[in-house]
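Me: I would like to go through this structure with you, one topic at a time. Could we begin with strand pairing and then turn to the helices?

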Amino acid sequence: MADFFATNGSDLLLKTWEHLYISAFALALGVIVAVPLGVLLTRFEKSAKFIIGLATILQTVPSLALLALMIPLFGVGKVPAIVALFIYSLLPILRNTYIGMNGVDVNLRDAGKGMGMTNFQMIRNVELPQAAPVIMAGIRLSGVYVISWAALASYIGAGGLGDFIFNGLNLFIPSLIIGGTIPVTLLALLADFGLGKLEKKVTPRTVQENE
Amino acid sequence: MIEFKNVSKVYKGGKKAVNNVNLTFNDGEFIVFIGTSGSGKTTSMRMINRMIEPTSGQILINGEDIMKRDPVQLRREIGYVIQQIGLMPHMTIYDNIVMVPKLLKWPEDKQRESAERLLAKVDLPKDFLTRYPAELSGGQQQRIGVIRALAANQDIILMDEPFGALDPITRDALQELVKELQEEMGKTFIFVTHDMDEALKLADRIVIMQNGEVVQFDTPDNILAEPANQFVEDFIGEDRLIQARPNIQTVDQVMIKNPISVTPGKSLSEAIRIMRDKRVDSLFVTDDAGVLKGYVDIERIDRNRKRATSVGDIMIDKVYFVREGTLLRDTVQRILKRGFKNIPVVDNKGRLIGLVTRTSLVDVVYDTIWGEEEEELAKASVFETTIPEESKE
């Protein structure tokens, strides 16, 4: 153990940082794209099925294959990895946003509209706060997935903790495999915990009490 | 003023929700739309703030076609209360109340003043402002729902079955509150309900709808007195028609016709003979034209027997009477308050035409309480076809 840290300590920190960086970047992109898209879909019910279907199909592409497919488009390195992980993060966020927004009590919408809210005010003041817990649950799920899948990104030269795991596999050094896996798991758990806290925070006080 | 001009609403598939409706509501009126479900009452109301848009026809508010207005702006000028209350659960009571003032970008202190003033009006403590809707009871929530609709000084308030989900006691309290607010603030209320009691209690005028058409549009008294057709009668219900009768019944309907009277010139012994023959203890005195002059009773005759000879000398010329056509409810009060045994009824020339006695009032009470039962009996019997209240007249 001490031996492992002595030889790989600084490398481990760097790789963890890389891993976190790739995952966070991909997830942030996912949130930026999927949340507004999900909101938009509730206003265009007809295209909603199609778009969500498309996201579902993208989700079913095997992760290694998707990473490999990125190479002709973006080459090797962090960029294709981030793009691939971003695509993966889309579906849970998109679907939860859509479901959460649609699940908002129709009476609240009726009241809001009847009192003279514009469409935008409705989304910002009524629907998003009400849907926030469901949207956050989607983000949380995506976060955990993205962190664990980011280990594969080392395959296309993106770096991250996956480097340890692949090196361990190639060189038959179990300690490297374990040394890479445990931090990934820990990162995922930490992210889940942190996003869970955030989820609590954005949940309206009274909705929490009702649960 | 709100005007409906040939307003129709046809939904996809050809279902006519509202069919050629023409109505005019004055400022400060409490209008109640009533009808069965699917009668178009809610649709009609929701067209006023363009939550639903008419297929044809025009709705004018103060002479202006609402279709030419920006719907968002229009809705901010019209209060809106729904049955499901619809308070925003993630906002404090304060934020809920000042929702529209905030949309209108009122200055903060004006918003707070409005919220506090209205909260006091509905008898809720000030510390409610910082609470959340889920911490309030249903009745309290709807009180907030009502003042939320008033917070921006809206002149028109739409209410869609606002008290339908509340228990009877809370509903009663809120009905009174709303009526008080409306009378105090002089705003126009458009209220939808399917509860006739609620409509009769609140409305200045009631719009009764059936299959998308207005069946009757009138004051509660007139509707009770003259239901437009069988549907309205059924809708009002037997109970209420019977209950309502004493209120709109006139003395003519219950008075005893041709009461016993004497002329002033008759002698006392003659008067006593008439009393004995007709088995009464008092007599009304009329002149030759039948005009009521006074009355005498047996005690008075007895006391003055030695001193006077004719009825005219001893009659009491101060008589309380009612004119024909007077509402019975006013007469009842007079009889009960002054302790009269009876009250004479005169026509517009002052001629005695009848008499309302305590006995006639008992008959009315009897009809109100047991009349319905008799009617059921009558219906049950194959041979009995006369309905009691008709046969009475």
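Predicted model: local features only at pLDDT ≥ 70, side-chain atom pairs only at ≥ 80, totals over all residues.

Me: Understood. How many bridges join β1(B) to strand β2 of chain B, and do they run parallel or antiparallel?
Reply: Six bridges join β1(B) to β2(B), residues 16–25, and the two strands run antiparallel. In β2(B), Phe25(B) is the bridge partner of Ile2(B).

Me: What about the hairpin of those two strands, β1(B) and β2(B): how many residues lie between them?
Reply: The hairpin has five residues between the strands, and Gly13(B) takes a positive phi near 95 degrees there.

Me: Which residue in β4(B) is the bridge partner of Ile2(B)?
Reply: That partner is Ile61(B). Strands β1(B), residues 2–10, and β4(B), residues 56–61, pair in the antiparallel sense over five bridges.

Me: Moving on to the open sheet of six strands in chain B, what is its strand order?
Reply: The order is β6-β7-β8-β3-β9-β10, and the pairing is mixed. The edge strands are β6(B), residues 78–82, and β10(B), residues 213–218, each of which pairs on one side only. On average, neighbouring strands of this sheet are turned by 15 degrees against each other, direction ignored.

Me: And how does β6(B) run relative to β7(B), parallel or antiparallel?
Reply: β6(B) and β7(B), residues 156–160, run parallel and are joined by five bridges. Tyr80(B) stands opposite Leu158(B) of β7(B).

Me: Now the helices. At what angle do α4 and α6 of chain A pack?
Reply: Helix α4(A), residues 78–102, and helix α6(A), residues 119–149, pack at about 160 degrees, with their axes 8 Å apart. Angles over 145 degrees count as roughly antiparallel, so α4(A) is roughly antiparallel to α6(A). Their crossing is right-handed.

Me: Which residues make that contact between α4(A) and α6(A)?
Reply: Among them are Leu85(A), Tyr88(A) and Ile93(A) of α4(A), together with Ala131(A), Leu141(A) and Trp149(A) of α6(A). By class, the residues of this contact divide into 15 nonpolar, six polar and two charged.

Me: Last topic: how many residues of chain A are in contact with chain B?
Reply: There are 20 residues of chain A in contact with 18 residues of chain B. On the chain A side, α5, α6 and α9 each supply at least two residues, and the largest share, six residues, comes from α5(A). That side has eight nonpolar, eight polar and four charged residues.

Key. Residues numbered from 1 in each chain as written. Chains lettered and ligands numbered in written order. Axes fitted to C-alpha atoms, helices over the stretch in contact; angles between N-to-C directions. Helix = DSSP H or I, 4+ residues; strand = E, 2+ residues; numbered from the N terminus. Parallel < 35°, antiparallel > 145°, perpendicular 65-115°, else oblique. Left-handed = near helix turned anticlockwise from the far one by under 90°. Contact = placed C-beta atoms within 7 Å. Nonpolar A, V, L, I, M, F, W, Y, C, P; charged D, E, K, R; others polar. Pairing = 2+ DSSP bridges.
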